Amino acid sequence: MTSEVNSVLLFGYGNLSRGDDALGPLLLEFVESHLNLGNIDLLSDFQLQIEHALDLEGRALVLFVDASVSCAGPFDFAEISPGRDKSYSTHAMSPSAVLAVYQTVKKQTPPPCFLLSIKAEQFELGSGLSAKAESRLMQACQFAAQLLHNPAPDFWRQAAQCRVNLQEYEEDAAEG
């Protein structure tokens with residue numbers, strides 16, 4: 001990993017041995033094999049920890065990627081901000097808690113950070129990726145590629161807003 005100032009950090013986390021929990025690291029594998037990394041740094045780990053706050057330093061943008069059971073669609077995408085939550089003092093942290101640590105330690109606002117959550121269903125130790133998660137991963141990979149081809153905070157914010165609007169439209173259509 002380089003520490004080039006103004007680079008984009010793509011941070012995928014999850015356990016490759018726990019079924020759909022592998023979605024974050026697998027998206028990084030896709031990016032590494034299909035995109036020109038140029039000014040993109042990749043970082044993968046089993047979970048977020050307090051030390052990861054220092055990985056945000058000097059970044060123009062940060063994209064966290066993780067599996068989630070609470071996605072409204074195949075994947076969710078949102079800008080995140082610093083926040084202390086119940087994960088703040090635990091071994092595994094949320095992205096918002098990592099941003100809060102960065103803000104406390106560095107005494108400055110973190111770079112623009114976003115979370116790409118990919119819908120997951122099974123997390124059993126030793127199981128492979130489910131068929132549904134594999135399909136959702138491909139959709140999320142295509143979306144991430146669009147983001148990484150346009151590494152500008154305003155473009156990413158617009159993409160996050162479009163995802164919110166699409167989800168609201170789909171919810172309204174389902175209701176009636």
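Biologist: What should I know about the model before reading it?

Modeller: It is predicted, so local features need pLDDT of at least 70 and side-chain atom pairs count only at pLDDT 80 or more, while totals for chains, interfaces and linings use all residues. Residues are numbered from 1 along each chain as its sequence is written, and side-chain values use heavy atoms, with hydrogens and water left out.

Biologist: Which residues touch the most other members of the largest nonpolar core?

Modeller: In soluble globular proteins, nonpolar side chains tend to be buried together. A nonpolar core is a set of buried Ala, Val, Leu, Ile, Met, Phe, Trp, Tyr and Cys residues joined through side-chain atoms within 4.5 Å, where buried means under 20% relative accessible area (1.4 Å probe, protein chains only). Here the largest core has 31 residues, and Leu10, Leu27, Leu63, Phe77, Leu116 and Trp156 touch the most other members. Its largest share, nine residues, comes from H3, a helix spanning 131-149; helices (H or I, at least four residues) and strands (E, at least two) are DSSP runs, numbered from the N terminus.

Biologist: What is Leu27 in contact with, beyond its neighbours within four places in sequence?

Modeller: Contact means heavy atoms within 4.5 Å, and by that rule the partners of Leu27 include Leu10, Val65, Leu116 and Leu137. A second, separate core of 18 residues includes Phe11, Leu43, Ala53 and Leu99.

Biologist: Which strand gives the most to the lining of the largest pocket?

Modeller: E3 does, with three residues; strand E3 covers 59-68.

Conventions:
Buried means under 20% relative accessible area, exposed over 50%, partly exposed in between (1.4 Å probe, protein chains only).
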